[in-house]
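Here are a few notes from going through this one. Have the model open alongside as you read.

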2 protein chains.
Amino acid sequence: MADNSNNSTPLRIGVALYPGFEALDAFGPINCLNDLSRMKPMTFSILSSTLEPVSTKSPMYPDSIGQSIVPTHTFANAPDLDVLLVPGGQGSRGSPPEILELIAFIRDSYPKLKYLITVCTGAGLAARAGVLDGKRATTNKKSWKDIIALRSEVNWIARARWVIDGNIWTSSGVSAGIDVTLAWIGEVFGEEIAQSIADSNEYTRHTLAHVDPFADLYGLE
Amino acid sequence: MADNSNNSTPLRIGVALYPGFEALDAFGPINCLNDLSRMKPMTFSILSSTLEPVSTKSPMYPDSIGQSIVPTHTFANAPDLDVLLVPGGQGSRGSPPEILELIAFIRDSYPKLKYLITVCTGAGLAARAGVLDGKRATTNKKSWKDIIALRSEVNWIARARWVIDGNIWTSSGVSAGIDVTLAWIGEVFGEEIAQSIADSNEYTRHTLAHVDPFADLYGLE
C-alpha cells in the first residue's frame, strides 16, 4: 500500500453523491477525513451530476425528511482523484440518469484511483460499474440479497464488517463506513492516527474486518 | 414524557448549525431521524444565522477540509419547534456573531420546546444560554475542562454517555450523539423502533447512559 504519511502532497479525495444517499454512509467516513485533514494535507471534492444541492431524502418515502449538501464539482468536470468514496442509500436503487452517470464515473475514474472505498449499498454502484468483477466485496446486510443480485461476477462476502481486495475497500451497512475509513486511515497514515480520530470522536470501533454481528442478525452465512 | 408514537401530528424537529460544526455530531443523530421519518410524521428544519450554506470546516485549521449544508430557515425566521438538536464542533468556541445569535436562539426557544438535545460541545452552547443552570448535563470528554469552565451553574456529570434532566438530553462527544438520539427515540416512540433503526444502520449501540469508556480514556471522574 502507498504510505502517504510522510509526504506533503495533498491526498485528493472525492465523494460521489446522488439524491437519496444515506447521510451517515457519507458523513461517518467524511467526519474521519475532516479530522484527518487537520493533521495531513488533503483536498476534498463533492461530486454529483449537477451543482445543485443533493438531498438525503429517500425517493422511496415521499413524506420523509432530508438535508441538502452542496457539490463542488460535477462528474463531467471532476478533478483527478486519489481516493473515491461511494456511499449507499435508497437513492442508489434503480437507474435514473444521475445514477447511470455516477456508475459511468466510477467505471471511468477507477483506473486512475489509488483507492476506491464503498459504504453500504454503495458497493452495488461499484458492482454495476464492473470494477468489482472477480473481486471480493461486501455490502449492507439488511439489503444483502437485493445488492448481490446486481452482479454475479463479484465474489460477495456475507460475513465481513469490511473487505479489502487490492485497492478496493468495501464496507457493510451505514455505520461500517466509519470502521472501514478508520481501517483505511490506519493502513495509509498509521494506526496511531486512526485510533486518535476514533478516540476524539468517542467512537467504539469494530477493529476486525471479519467479525460481523449483523451477518448473524440478518441470517446470512 | 410525551408519547408521540400513537398520533399523526408531525413532530417538528430542528437542528441549529454554525460554521465549524462537527459533521458527525449533526449527521449521526440526523441519520436516525431520517430513518424515523420513514415511519413517523415529522418536519425537519435546518437553522442558521443566514440562509448561506454552512460549512463543517474547522475555523481552527485553515487548511482543513469541510462540506456545506443548506439551511432551511434563519434563527430570526425559525418555525415553532418541538425538538431542537444542537451539535458541537470547533466552531462553537468563541463568540462570533453567529454563535451569539445561536445562543440567544436556544435561550429564547427553550421555553417552547418539548425537548432539547445536545451533542458533544453543543452542551457548551446550551450552557452559555443558561438553560442548563441547576441541571445535570454532560459533554465531550476530550474537551471536558474547556466546556465545563463555560458555566459553573451546571451540574456537569463526567462519567456519562448521555444525561437526561427533565426535557434536556445532553450527550458526550461526537458518536455519543447517535446513542442519545436512539435512546430518545426509544423513550418517545418505543424501544422497538429505536433498535430497528440501530440494526438497519448496523450500529452497535451504547445502551447504558452511565457507562462511559471515554471518561476513563481521558482520565475524568
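1. Salt bridges first: between chain A and chain B the count is two. One of the pairings to look at is Glu22(A) with Arg38(B), whose side chains form a salt bridge at 3.4 Å, N to O. Keep in mind that this is a predicted model.

2. Now for the interface as a whole. Chain A puts 48 residues into the contact, and chain B puts in 48 residues. Together the two chains bury about 3900 Å², with 54% of that on carbon and sulfur atoms. Which three residues supply more of chain A's buried area against chain B than any other three? They are Arg38(A), Ile65(A) and Glu202(A), and their share is 22%.

3. Within chain B, have a look at helix H1 (residues 23-36) and helix H5 (residues 176-189). Their axes come within 7 Å and cross at roughly 30°. Since angles under 35 degrees count as roughly parallel, that makes H1(B) roughly parallel to H5(B). The H1(B)/H5(B) crossing is right-handed.

4. As for who touches whom in that helix pair, H1(B) brings Gly28(B), Pro29(B), Cys32(B), Leu33(B) and Leu36(B). Facing them from H5(B) are Gly177(B), Ile178(B), Thr181(B), Leu182(B), Trp184(B), Ile185(B) and Phe189(B). Sorted by class, the contact of H1(B) with H5(B) has nine nonpolar residues and three polar ones, with no charged residues.

Technical notes: Residues numbered from 1 in each chain as written. Chains lettered and ligands numbered in written order. Predicted model: local features only at pLDDT ≥ 70, side-chain atom pairs only at ≥ 80, totals over all residues. Heavy atoms only, no water. Axes fitted to C-alpha atoms, helices over the stretch in contact; angles between N-to-C directions. Helix = DSSP H or I, 4+ residues; strand = E, 2+ residues; numbered from the N terminus. Parallel < 35°, antiparallel > 145°, perpendicular 65-115°, else oblique. Left-handed = near helix turned anticlockwise from the far one by under 90°. Contact = heavy atoms within 4.5 Å. Nonpolar A, V, L, I, M, F, W, Y, C, P; charged D, E, K, R; others polar. Buried area = accessible area lost by both parts, 1.4 Å probe. Salt bridge = Lys/Arg side-chain N within 4 Å of Asp/Glu carboxyl O.
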